[in-house]
Amino acid sequence: MTPLDSSELQLQIHHRLIEELAASEKRYRELVEHLREVIFECDGTGSLIFLNQAWAEILGHPVSESLGHSIAEFLCEEDQETGVALITGQRRKVSGQEQKELRFRHRNREVVWLELSVRSVDDGRMVGSLYNIDERKRAREELQKAYDQLEVRVQERTTALRETNQHLQHEIAEREQVEVALLQAKEAAEAATRTKSEFLAKMSHELRTPMNAIIGFTRLIMRRCKEILPSKQYDNLEKILISAERLLALINDILDLSKVEAGRIEIHPVNFPLEPLIDTCLHTVEPTVKGEKLQLLKEVDTDLPSLTTDKDRLHQIVINLLSNAVKFTENGAVTISAKRHGEEIMIAVADTGIGIPAPALERIFEEFHQVDGGTTRQYGGTGLGLSISRHFARLLGGVITVQSTPGVGSTFTLTVPISYRIGPPATQDIHLSSEDNVATETAADQKVVLVIDDDPNVIYLLRENLAEAGYRVIGAASAEEGRQKVREFGPFAITLDILMPQQDGWQMLHELKTEVTTRDIPIIVLSVVDNKELAYRLGAFDCLLKPVDRDLMLATLSRITRTSASRTAGALQ
Ligand code: ADP
């Protein structure tokens, strides 16, 4: 091999370098052309002097048409200023690179987000890249939009909630106002009931006093003048008596009702056998049975236990049921039955009368309700009896039920506990047994009975009624006069009224029972006020209701005689 001369060697090296350079440039160009980002180059004036293919792919502008134009021309208007500032600012810098997210305009006029990175190179040229962030940017915008929507929705919800809250507060306030109004109405109603009850109690007293006098005087005349009065006049007196008694019963009903409404009914349980009470009730309604076509029957189980309940209230209920049965029955029978049912007693009053239509069954227990005008006109009555009876039955812890078939008859059943459960324990039987009712006193010689009552009619009637039985009645029109006459006469017994103008009868009773010289004198409270418990607590011998029942008063006086006789006998032994 001949050695190469130096020029040939140089030429070879030169060629070799050129080839290597061309290969390297090709490699770089391929590399640049295949990149997904835009690579660009600008001259010192900012005109594009190089762009790779990604430019056309991303922005749709052919590379050949874009070269020679400023990059700012491809920016959206809103970002042109920022883009230009970035490029010129960068141009002044020696080194370093700056980035910005900018909006470019695609050839089809759509906006494309690109991240521009640019840096200056030595001879005033600028090189940079544009990275497609459109998708990321749009996703972020979508996210922002969703977030904004969410915000709006949250805002809407909050507003709706606030409105609901305000609405609720408004409703609560309204409800509170209604409650206050209701409370005021309730208080007003209670006050009205109280006033009504007080008024009724007062009126009842005012009405009862003359009624008692009418009844008492009529009875007296009827008894004394039976032989001398023409029978027509005697019948007329009987009619006066019946009307007066009916009126008195009505007044008593109204008073009972007002007491029930005011919650002032007290229960005084006592122990007593049921059958005598039923007999007394039958005895009471017997005179109202019209003609012989109606029978009064009794079916009482023989092994009934004695009851511990309020005897007077029970008596009132039974009387009401019996008198209704008699009132609404022309033919057949009214049967009262009593039997034990567990710890309760069932007293049923069955009749074969007109019956009650089904729709009226519920309502007959309402105040003043009567089946119809026709019934009322034909049979009379106030429509209060059943209402009061039902209240009483409930107070005794029981119920009244009814079964009825129009034209066939009705059965009213009262069920009460054998032993009244709530309330004070049973006290001794405070009532007369049935044989006491017929007891008379004729042998007592001038026993003094002091009658303390502001109503002269009461004194007069007692005097007339008791004188026949050998008692001497002394009257006192006030507590003061009463005190004086007690000292003066040392009476065998005292009858004491409760409602007196100057001094209350209760106070007087207390006084007489605590004073050594008077405490042994038996006192019979005789009033329209029915408060046996208080009377007994204060030491009364008995408590009788006006109008004065002659037989009852005589029986009570007789009992006083027996009690003091046995006490004396006990003391002597
Ligand atoms: P009164 O009998 O004074 O009208 P009540 O409250 O005792 O009042 O009775 C209400 C109504 O129930 C009576 O008016 C009557 O229409 C009806 N009633 C009550 N008991 C009977 C009965 N045994 N038979 C038919 N109807 C009755």
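Where is the place of R109? In this predicted model, R109 sits in the loop between strand β3 (98–105) and strand β4 (111–120). Although R109 is not a glycine, its phi is positive, at about 80 degrees. Most residues other than glycine have a negative phi, and most peptide bonds are trans. R109 counts as exposed because its relative accessibility is 58%, and the cut-off for that class is over 50%.

K546 and P547 are joined by a cis peptide bond, with omega at about 5 degrees. P547 has its place in the loop between strand β17 (542–545) and helix α17 (550–572).

With these local details in mind, the whole chain can be considered. The chain is built with 17 helices and 17 strands. It has 573 residues, of which 40% count as buried. Among contacts in the chain with a separation of 6 or more, 62% are accounted for by residues 24 or more positions apart. The accessible surface of the chain comes to about 33,100 Å², and carbon and sulfur atoms make up 54% of that surface.

The ligand comes next. A total of 22 residues surround the ligand, and the closest are N324, D351, Q370, T382 and L386. Three of these residues can be described atom by atom. In the side chain of N324, an N or O atom is 2.8 Å from an oxygen atom of the ligand. For D351, a side-chain N or O atom is 2.9 Å from a nitrogen atom of the ligand. L386 takes part through its backbone instead: a backbone N or O atom of L386 lies 2.8 Å from an oxygen atom of the ligand. On its own the ligand has 530 Å² of accessible area, and the protein covers 97% of it.

Which elements supply the shell around the ligand? At least two residues each come from helix α8 (311–327), helix α11 (385–395) and strand β12 (409–417). The largest share, four residues, is supplied by α8. Sorted by class, the shell has nine nonpolar, eleven polar and two charged residues.

In soluble globular proteins, nonpolar side chains tend to be buried together. Here, the largest nonpolar core has 49 residues, and those touching the most other members are L274, L314, L322, I347, F412 and L414. The most residues in this core, eight, are given by α8. As one example, L322 touches C281, L282, V285, V334, I336 and V349, leaving out residues up to four places away in sequence. There is also a second, separate core of 24 residues, which includes F40, A56, V63 and L114.

A last stop is R463, which is found in helix α13 (residues 456–467). Is R463 buried, partly exposed or exposed? R463 counts as partly exposed because its relative accessibility is 35%, a value between the cut-offs of 20% and 50%. Apart from neighbours within four places in sequence, R463 is in contact with V473, I474 and G475. With V473, the side chain of R463 reaches the backbone oxygen at 3.2 Å. R463 and L450 are 13 residues apart along the chain, and their C-alpha atoms are separated by 9.8 Å.

Methods
Residues numbered from 1 in each chain as written. Predicted model: local features only at pLDDT ≥ 70, side-chain atom pairs only at ≥ 80, totals over all residues. Heavy atoms only, no water. Near = heavy atom within 4 Å. Polar contact = N/O pair within 3.5 Å; in protein donor to acceptor, adjacent residues only side chain to side chain. Areas by Shrake-Rupley, 256 points an atom, 1.4 Å probe, with all protein chains shown as cover. Nonpolar A, V, L, I, M, F, W, Y, C, P; charged D, E, K, R; others polar. Core = buried A, V, L, I, M, F, W, Y, C linked by side-chain atoms within 4.5 Å. Buried < 20%, exposed > 50% of the residue type's maximum accessible area, 1.4 Å probe, protein only. Contact = heavy atoms within 4.5 Å.
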